Amino acid sequence: MKPFIFHAQTLDYFHEKDGILTVKLMTERSDWNRVLLRHEPDNEEYLLDMSKVGTEGRLTVWQISFPVNSDRDITHYVFKLVDSKGQHWLDARGVHSRVPSREFHFKFNAHHRPPSWVSEQVFYQIFPERFCNGNPSISVKTGEYRLKENTLDVVVKEWGDSVEGHNGTGAAEFFGGDLVGIYNKLDYLQELGITALYLNPIFQSPSNHKYDTTDYYKVDPHFGTNEEFAALSSDIHARDMKIVLDAVFNHTSVEHPWFDKLKTNSSNLKSEKGAYGHSDSPYHDYYFFEPSDSTQYVGWKGISSLPVLNFSNEAVRDHIYQSEESVIRHWLKAPYHIDGWRFDVIHMLGEGEGAYNNAHYVKAFRDSAKDENSEAYILGEHFFEASQWLQGEQEDGSMNYYGFAHPVRALLAKQDIAYEPINIDMFAFSDWLAEARAMVPWLNQLSQLNQLDSHDTARFLTLLNGDEAKQKLALTLLFTYVGTPCLYYGTEVGLEGGQDPDNRRCFPWGSEQTSDWFACHQALISLRTERRSLQSGAYLELYCDAETLVFARCLGREKTLVVLNLSNKAKSLALPVWMLGQEQGELVALCASGVDAFPRGEPSIDDALTRSADAHAG
């Protein structure tokens with residue numbers, strides 16, 4: 001049986017001042033021959049003896065101070081404990097019987113840290129075209145224009161009508177959501193408890209999803225005006241809320257004046273030719289063409305309507321991030337003052353199809369944004385494991401598909417991200433979470449954007465075939481797990497939807513008045529907002545079996561226990577609460593009936609009971 005050894009990078013166990021780190025380690029045993037911290041200040045191993053400095057309950061507290069690395073931004077360290085029978089090591093995953101791989105060591109970036117405000121938020125993702133129609137006069141009109149390189153008429157639908165399938169008119173369907181609609185619903189979002197908005201693209205574009213930009217400096221006129229967005233941003237900030245916009249810099253629309261495949265935009269460029277079909281165009285090298293053919297070009301993932309931008313071209317760099325009036329800087333400045341950028345397919349940005357020098361450009365995006373606003377949030381979209389971008393100097397956080405959405409989907413919906421069957425138990429789930437956490441510095445873990453679903457995935461409730469008990473388990477994880485929670489619009493009223501574009505249905509306004517889901521979400525959001533331990537507390541697993549997981553989020557004297565039970569039966573668990581540094585206490589139900597996992601009354605903390613799977617958080 002593994003001994004109990006614990007360290008976290010919260011203020012309870014970790015402190016940095018003037019380049020010196022002071023760390024604490026907790027052990028159940030006090031009779032170790034040696035307790036050591038291992039680090040590599042010059043790429044060589046150094047082992048430092050730790051000192052006993054006190055006790056907490058039955059736990060012994062050890063401490064050591066040492067300098068951060070001077071040769072690189074990130075300091076790595078692990079712990080080695082030796083007795084007469086052998087040794088044990090503690091890395092960011094847990095306890096092991098041998099020295100662990102460096103990728104799982106505890107990590108601290110002394111120079112690049114996420115904004116502290118991020119982990120305090122509850123985000124809400126809005127797909128603007130489907131959220132609320134506040135100004136019908138600017139909505140797309142039937143026959144107004146065509147999409148897909150002038151081959152598909154726009155389709156105007158009534159709010160709430162069904163959405164066409166992916167191979168149909170999906171990107172060409174318009175229901176009329178706009179910025180005024182968002183503005184009109186800010187009171188609603190605040191009542192729910194939302195503190196930050198992430199908007200899918202709002203800049204001028206022919207599609208409803210706006211990932212095919214034609215003007216990075218102009219709000220799409222069917223969404224509103226730049227002035228209306230400035231007013232929206234101002235109101236959001238007056239409410240002490242934040243706003244993050246979507247940055248689509250890997251590619252443009254073929255209708256962007258730089259490319260101008262349809263020959264409709266040349267007048268916007270003072271008669272300069274667009275890149276398509278004109279090798280002498282000043283914009284030709286903004287994209288990737290075959291050397292001898294100015295009509296053969298690279299499209300994102302082979303999609304001809306999305307020509308890829310060439311960041312080896314200095315003019316492109318100036319437009320996007322390098323100049324004082326670059327797109328990244330423009331929207332961070334007055335009068336817009338956005339609080340950060342979510343970068344679409346950020347791992348694909350670079351020079352050519354191979355995304356050459358990708359890390360260089362991601363760092364450059366970060367530097368440009370931080371130079372304009374040091375507290376700007378840099379969020380990357382990655383569908384898979386993204387730790388190489390999350391070491392501090394590139395992204396503050398990612399859309400945490402790999403470290404949250406994937407394992408939750410595998411555990412509860414029994415599907416992987418490709419909608420293929422997968423069957424994992426709670427042991428495998430716990431291991432997956434631990435591995436994903438361990439590869440990323442703690443502060444970046446807190447800034448990961450955790451979602452159950454998004455505009456790119458089927459709605460989670462739909463994946464669960466409407467299973468409300470499992471949805472509540474998933475929501476509990478969303479609001480209690482390490483990272484920053486983000487709700488996809490409509491989740492709080494039980495909005496369902498299959499794969500893109502069915503996951504982009506209109507918000508069913510009116511249902512928020514009667515939905516039982518709203519109160520459930522409101523309670524969990526309130527819990528998350530009120531308890532600092534859920535925002536930035538250490539993660540400590542207390543119990544795990546094939547169908548049950550109990551963990552605590554701990555910060556100072558505040559300790560929040562979360563109990564997840566996948567079975568359809570009640571369980572009686574004896575929890576090792578001494579791991580929390582105390583021998584006894586009381587469990588207090590934190591959420592309203594139907595949300596908390598504990599029966600009414602005040603059971604002692606070491607007699608915690610879970611109910612069935614539909615009762616899930618405490």
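Start by selecting Asn357, which sits in the loop between β23 and α6 (358-372); here helices (H or I, at least four residues) and strands (E, at least two) are DSSP runs, numbered from the N terminus. The structure is a predicted model, in which local features need pLDDT of at least 70 and side-chain atom pairs count only at pLDDT 80 or more, while totals for chains, interfaces and linings use all residues. Residues are numbered from 1 along each chain as its sequence is written, and side-chain values use heavy atoms, with hydrogens and water left out.

Most residues other than glycine have a negative phi, and most peptide bonds are trans. Asn357 counts as partly exposed because its relative accessibility is 46%, where buried means under 20% relative accessible area, exposed means over 50%, and partly exposed lies in between (1.4 Å probe, protein chains only).

Now select Glu149, in the loop between β13 (146-147) and β14 (152-153). Glu149 is not a glycine, yet has a positive phi of about 55 degrees, and with a relative accessibility of 22% this residue counts as partly exposed.

Two cis peptide bonds can be visited in turn. Select Ala334 and Pro335, where the bond from Ala334 to Pro335 is cis, with omega near 5 degrees; Pro335 belongs to the loop between α5 (327-332) and β23 (340-343). Then move to Asp500 and Pro501, whose peptide bond is also cis, with omega near 10 degrees, and where Pro501 is placed in the loop between β27 (484-488) and α12 (516-530).

Select residues 14-17 together with residues 20-27, which are the antiparallel strands β2 and β3, joined by four bridges; two strands are taken to pair if DSSP finds at least two bridges between them. Which residue of β3 stands opposite His15? That residue is Thr22. Two residues lie between the strands of this hairpin, and Asp18 takes a positive phi near 50 degrees there.

**Two buried loop residues**

Select Met50, in the loop between β5 (46-49) and β6 (51-56), which counts as buried because its relative accessibility is 7%.

The C-alpha atoms of Pro100 and Phe79 are 9.9 Å apart, and the two residues are 21 apart along the chain.

**Salt bridges**

The structure holds 34 salt bridges, each defined as a side-chain nitrogen of Lys or Arg within 4 Å of a carboxyl oxygen of Asp or Glu. Select Arg29 and Asp31, whose side chains meet in one of them at 2.9 Å, N to O; Arg29 is partly exposed at 28% relative accessibility, whereas Asp31, at 51%, counts as exposed.

Select Arg239 and Asp235 for another salt bridge, with N to O at 3.0 Å; Asp235 counts as buried, with 17% relative accessibility.

Then select Glu547 and Lys571, whose closest N and O atoms are 3.2 Å apart in a salt bridge. This pair links distant parts of the chain, 24 residues apart, with Glu547 in the loop between β28 (538-545) and β29 (548-555) and Lys571 in strand β31 (residues 571-572). Glu547 is partly exposed at 33% relative accessible area, while Lys571 is buried at 16%.

Which residues are linked in a network of salt bridges? Select Glu324, Glu325, Arg329, Lys333, Asp371 and Glu372 to display that network.

**The negative patch**

Finish by selecting Glu103, Glu385, Asp425, Asp431, Glu435 and Glu541, which form a negative surface patch. Patches are made of residues with over 30% relative accessible area and no salt bridge, and like charges are joined within 9 Å. Glu103 lies in the loop between β10 (95-96) and β11 (106-109), and counts as partly exposed because its relative accessibility is 41%.

Key: Patch = residues over 30% accessible without salt bridge, like charges linked within 9 Å, V, L, I, M, F, W, Y side chains within 5 Å. Areas by Shrake-Rupley, 256 points an atom, 1.4 Å probe, with all protein chains shown as cover. Lys, Arg positive; Asp, Glu negative; His and termini not counted. Charge placed at Lys NZ, Arg CZ, Asp CG, Glu CD.
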